[in-house]
Amino acid sequence: MRQYLDLCQNIVDNGHWIENERTGKRCLTIINADLEYDVKNNQFPIITTRKSFYKAAIAELIGYIRGYDNAADFRALGTKTWDMNANDNASWLANPHRKGEDDMGRVYGVQGRRWQKTSGGTVDQLAKIVDNLSKGVDDRGEIITFYNPGEFDMGCLRPCMHTHTFSLLGDTLHLTSYQRSCDVPLGLNFNQIQVFTFLALMAQITGNKAGTAYHKIINAHIYEDQLDLMKNEQLTREPFPSPQLKINPDIKSLKDLETWVTMDDFEVVGYQHHEAIKYPFSV
Ligand SMILES: Nc1nc(=O)c2c([nH]1)NC[C@@H]1CN(c3ccc(C(=O)N[C@@H](CCC(=O)O)C(=O)O)cc3)CN21
Ligand SMILES: O=c1ccn([C@H]2C[C@H](O)[C@@H](COP(=O)(O)O)O2)c(=O)[nH]1
């Protein structure tokens, strides 16, 4: 994944040091990065310059698709990535909307599947997109957005990868995903996998061909305590060729994704990688 390493090198060479009040850490930061993934030819954008735990990344995506609001549900699917934000974040622990242990509040999938209408009831953004794309319809608004400023105070974290737009050209499906804030050593490793897999899955369940995924990032940063490992370890390594993602072909509908799918339905074939690097995580 040369484009990932180029972005990391660009931050190291041209980044600005920005204080981040929420985490109390400084971040080396650039604005604006555009990444592209070739889903059509199954060039899976997994990082090869360290070991990537791709099943955890896919588990996060499936949890968003299911509308999960609880770190325990994410753990049951195969990822602990929401434990810290749900249970170890002072401002969320003190928030009266928090419903107890593991609650994440009205984040990501809750907005995607159960956006609260002022007139009562909820909007299922994802089901509408799946219905339209299955009929070959792109109404130029096939958008799922998790970004609901009216409910930021009801969740543990504002969504980072917050909006996904699907587009049909004939029977080929494309995806454009927008990310406002990106922890390049940790989060992007997962987000690249999620953007790719979201397009591959949506093409599969709507009977379309997968095309290209476009990933647009605004604030791309490396936390100060991650910089040494990035500069002196990861960036000294040569990448390996991209492997392929195999998805169980029996997954045919949104209902399948909501009910029986597990991480055993995803396999990466031919993943060559360098050894793991453990980057610090900032809550
Ligand atoms: N500071 C920060 N960075 C993030 O990337 C991030 C957040 N916060 N909060 C919400 C989610 C949670 N995400 C996470 C959380 C942890 C890992 C992580 O620790 N990854 C390890 C290994 C994970 C594993 O063993 O499954 C890694 O090496 O990639 C990655 C993404 C992405 N998001
Ligand atoms: O999918 C994700 C979720 C989170 N992140 C990172 C980006 C930032 O480092 C933090 C969120 O902090 P904010 O202060 O809310 O911007 O989490 C990510 O990279 N990918």
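## A buried ring pair

Y64 and F74 are both buried. This is a predicted model, and its aromatic pairs number nine. In the Y64–F74 pair, the ring centres sit 5.8 Å apart with the planes at 65 degrees, so this one goes down as edge-to-face, the cut-off for that label being over 60.

As for where the two come from, Y64 belongs to helix 2 (residues 54–66) and F74 to helix 3 (residues 71–77). They are 10 residues apart, and the pair links distant parts of the chain.

## Y64 and its other partner

Y64 also pairs up with F146. Is this pair stacked, edge-to-face or tilted? The planes make an angle of 55 degrees and the centres are 6.3 Å apart, so the pair is tilted; 55 degrees falls in the range left once stacked (under 30) and edge-to-face (over 60) are taken out.

F146 sits in the loop between strand 5 (143–145) and strand 6 (161–169), while Y64 is in helix 2, so this contact ties together parts 82 residues apart in sequence. Y64 has a relative accessible area of 9% and F146 one of 6%. Both values are under 20%, so both residues count as buried.

Zooming out, which residues do ring pairs link into a cluster along with Y64? The members are Y64, Y68, F74, W82, Y108 and F146.

## A charge over a ring

One more ring contact involves a charge: R26 has its charged end over the ring of W17, 4.2 Å from the ring's centre.

Notes
Residues numbered from 1 in each chain as written. Chains lettered and ligands numbered in written order. Predicted model: local features only at pLDDT ≥ 70, side-chain atom pairs only at ≥ 80, totals over all residues. Heavy atoms only, no water. Phe/Tyr/Trp six-rings, centres within 6.5 Å; stacked < 30°, edge-to-face > 60°. Helix = DSSP H or I, 4+ residues; strand = E, 2+ residues; numbered from the N terminus. Buried < 20%, exposed > 50% of the residue type's maximum accessible area, 1.4 Å probe, protein only. Lys NZ or Arg CZ within 6 Å of the ring centre and 35° of its normal.
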